[in-house]
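Please read them with the structure open beside you.

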Amino acid sequence: MSLESDVRYLLDRLEIQDVIARYGLGQDLHQPHDENLDVLEHWADVFSEDAVLDYSEAGMPAAMSRADLADLMRGPDRDGGMADIYTVWQHVEGHATVTIDGDRATAVSPHLHTHETKTGEPANVIAAGLFHDTLERRPEGWRIVHRRLTNLYVHTVARATT
């Protein structure tokens, strides 16, 4: 490889890692107490307009758009969904293993997602798993065109109340 191709590869890897991290930031920058729960403004920098998202392992449809996912997570008017169930959440996306082939790439990244419930008994929900992504270099930059979620575990842990 040449120095130029090595640098291009490193820049592509960094951009892909940022795309994956922005998914979690899009979730976390829009907490239930925020006025603006429109996660789609952040996810436009993560998913292509035509992306297909498979969260079927979590009981969601196997072929959703980014808008479908936002509707399920935030409600159709961006004022429900997860905000009806949780008081706060955090989504940590781990470093991806990335394979780049020209303008296409695949990535597998671990995630740890935590949620604090607001209904019923106080609890924390902890989900750990993997995202399997296919990305494409688009005019606006690297974007996820297909994502499949796999869960390693999901646990609900009682929370002490004060």
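1. Basis of the values. This is a predicted model, in which local features need pLDDT of at least 70 and side-chain atom pairs count only at pLDDT 80 or more, while totals for chains, interfaces and linings use all residues. Residues are numbered from 1 along each chain as its sequence is written, and side-chain values use heavy atoms, with hydrogens and water left out.

2. The largest pocket. A pocket here is found on a 1 Å grid over the protein atoms alone, as an open set of points where a 1.4 Å probe fits, with protein on both sides within 12 Å along at least five of seven lines; lining residues have an atom within 4 Å of a point. Of the 21 lining residues, A58, M60, M73, M82 and H115 are the closest to the centre. Two or more lining residues come from each of α1, α3 (66–74), α4 (82–85), β2 (86–93), β4, β5 (123–138) and β6 (141–158), where helices (H or I, at least four residues) and strands (E, at least two) are DSSP runs numbered from the N terminus. The lining divides into 14 nonpolar residues, seven polar and no charged, counting Ala, Val, Leu, Ile, Met, Phe, Trp, Tyr, Cys and Pro as nonpolar, Asp, Glu, Lys and Arg as charged, and the others, Gly among them, as polar.

3. The nonpolar core. The largest such core has 30 residues, of which Y23, W43, F47, Y55, L69 and L135 touch the most other members; a core is a set of buried Ala, Val, Leu, Ile, Met, Phe, Trp, Tyr and Cys residues joined through side-chain atoms within 4.5 Å. Helix α1 (residues 3–28) gives the largest share of this core, four residues. Beyond four places in sequence, F47 touches Y23, L53, R66, R143, I144 and R147, contact meaning heavy atoms within 4.5 Å.

4. Helix α1. The 26 residues of α1 should span 38 Å, and the end C-alpha atoms are 37 Å apart, which agrees; the expected span is 1.5 Å times one less than the number of residues. Buried residues of α1 include I16, I20 and Y23, buried meaning under 20% relative accessible area, exposed over 50% and partly exposed in between (1.4 Å probe, protein chains only). D12, also in α1, is buried because its relative accessible area is 3%. Leaving aside neighbours within four places, D12 is in contact with I100, R137 and W142, and D12 and V98, 86 residues apart in sequence, are 9.6 Å apart, C-alpha to C-alpha.

5. Two buried strand residues. S109 in strand β4 (residues 104–117) counts as buried because its relative accessibility is 0%. Beyond four places in sequence, S109 touches I20, G94, H95, A96, G129, L130, F131 and D133. L149 in strand β6 counts as buried at 7% relative accessibility, and touches D54, Y55, E57, A58, H111, L130 and F131 on that basis of counting. L149 and L53 are 96 residues apart in sequence and 8.2 Å apart in space, C-alpha to C-alpha.

6. A70, found in helix α3, is buried, with a relative accessible area of 0%.
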